[in-house]
Amino acid sequence: MKVTSSSVLSLLFGAATVEAFHVPSVQLSSRSTKLYDSDLLEKDPMPKLSKEEQDKKDDKAFTELKAIASKANPIVNYYDPLDLVGLEASIGDNKAETIAFLRHAEIKHSRVAMAAFVGYCVQSQYTWSGVGLAGPWPSTDLGPEAQWDALPLDFKLYIVLGVGFLEILDECDPEGHYMRGREPGRVYFYQGDTRRTAEELADGRVKEINNGRLAMLGIMAFVSSASIPGSVPLLNSISIPYSGNFWAPFQGDFTFLDQLTTN
């Protein structure tokens with residue numbers, strides 16, 4: 001299996017929703033340490049709700065979350081062993097905001113995992129050089145991870161900046177922030193109006209979540225097989241071992257990162 005421009009483009013188009021590339025803003029104050037500060041979330045702050053109104057909103061968000069979980073996997077149902085929903089003091093101002101953050105984060109991870117999985121497979125067989133487009137395309141004899149290492153630094157930076165730009169568009173959605181009313185996972189610049197019913201949209205959302213979860217397992221299987229040959233028997237015949245450091249994507253570009261693989 002190999003990775004080239006196809007996976008690169010997959011990341012560019014899919015990572016608009018990638019929480020993995022997003023570093024939340026951190027506010028340090030005497031009252032709490034939050035991933036998001038309510039004053040920064042909304043250009044037009046929402047009116048402050050009474051405790052009773054906020055409790056109703058939190059209960060509604062939690063009920064919707066459990067309903068989605070049950071529909072996505074009737075066997076496991078709602079499962080939160082780390083009590084992430086109970087971390088509202090560290091993520092949002094209340095439980096509803098925390099749930100919205102977690103839902104949006106999962107959808108982002110799901111979309112980038114689906115893009116990465118497809119890219120990991122497709123680019124193993126095809127590269128842009130094969131259709132006559134010149135560029136810094138690595139050899140198809142290399143595995144996906146080695147192909148990334150072989151890309152020029154400026155090309156890597158273009159990818160990272162492209163992902164960052166799409167992430168900014170998501171955080172600055174004119175329809176509002178996903179923690180303050182916008183449907184988690186909805187991105188205005190490629191999800192326009194639709195004629196689908198609310199039920200159809202709900203079904204599609206559950207399918208996307210399930211496909212994303214499967215893709216996350218799939219891409220981790222590829223990575224595991226490449227880093228630990230034989231760890232995923234089903235991939236033994238197609239996986240190419242990788243001896244580099246998965247956690248140092250710019251190791252070959254900055255010498256001070258060499259210690260990450262030597263220590």
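**Helices, salt bridges and loop residues of the predicted model**

At 64% relative accessibility, Lys 51 counts as exposed; in this scheme a residue is buried under 20% relative accessible area, exposed over 50% and partly exposed in between, with a 1.4 Å probe and protein chains only. The model is predicted, so local features need a pLDDT of at least 70 and side-chain atom pairs count only at pLDDT 80 or more, whereas totals for chains, interfaces and linings use all residues. Residues are numbered from 1 along each chain as its sequence is written, and side-chain values use heavy atoms, with hydrogens and water left out.

The secondary structure of the chain comprises eight helices and two strands. Helices (H or I, at least four residues) and strands (E, at least two) are DSSP runs, numbered from the N terminus. Along the sequence, these elements follow the pattern α-β-β-α-α-α-α-α-α-α. The chain has 263 residues, of which 38% count as buried. Among contacts (heavy atoms within 4.5 Å) between residues at least 6 apart in sequence, 65% join residues at least 24 apart.

Lys 51 takes part in a salt bridge with Asp 55, at 3.1 Å from N to O. A salt bridge is defined as a side-chain nitrogen of Lys or Arg within 4 Å of a carboxyl oxygen of Asp or Glu, and the structure holds 13 of them. Both Lys 51 and Asp 55 belong to helix α3, where they stand four residues apart, about one turn of the helix. Asp 55, with a relative accessibility of 31%, is partly exposed. Helix α3 also contains Gln 54, which is buried at a relative accessible area of 16%. Apart from neighbours within four places in sequence, Gln 54 is in contact with Leu 49, Asn 94 and Ala 96.

The side chains of Arg 103 and Glu 183 meet at 3.1 Å, N to O. Arg 103 lies in helix α4 and Glu 183 in the loop between α6 and α7 (198-227), so that this pair links positions 80 residues apart. Arg 103 is buried, at 12% relative accessibility, whereas Glu 183 is partly exposed, at 36%. A further salt bridge connects Lys 108 and Glu 171, at 3.6 Å from N to O. This pair links helix α4, which holds Lys 108, to helix α6, which holds Glu 171, across 63 residues. Lys 108 is buried, with a relative accessibility of 1%, and Glu 171 is likewise buried, at 18%. A network of salt bridges links Lys 108, Glu 167, Asp 170, Glu 171 and Arg 182.

Helix α6 covers residues 153-171, 19 residues in total, and spans 27 Å from its first C-alpha to its last. This is close to the 27 Å expected at 1.5 Å a residue, where the expected span is 1.5 Å times one less than the number of residues. The buried residues of α6 are Phe 155, Lys 156, Ile 159, Gly 162, Val 163, Leu 166, Glu 167, Asp 170 and Glu 171.

The packing of two helices is described by the angle between their axes and the distance between the axes. The axes of α3 and α7 come within 10 Å and cross at roughly 65°; axes are lines fitted to C-alpha atoms, for helices over the stretch in contact, and angles run from 0 to 180 degrees between N-to-C directions. The crossing is right-handed, a term used if the near helix is turned clockwise from the far one by less than a right angle, and left-handed if anticlockwise. In α3, the residues Ile 68, Lys 71 and Ala 72 meet Asp 203, Arg 205, Val 206, Ile 209, Asn 210 and Arg 213 of α7.

Most residues other than glycine have a negative phi. Asn 77, however, has a positive phi near 60°, and Asp 83 has one of about 55°. Asn 77 is located in the loop between α3 (51-72) and α4 (95-122), and the loop between α3 and α4 also holds Asp 83. Asn 77 is partly exposed, at 35% relative accessible area, as is Asp 83, at 45%.

The structure holds zero disulfides, a disulfide being a pair of cysteine sulfur atoms within 2.5 Å. Cys 121 is partly exposed, with a relative accessible area of 25%, and Cys 172 is exposed, at 55% relative accessibility.
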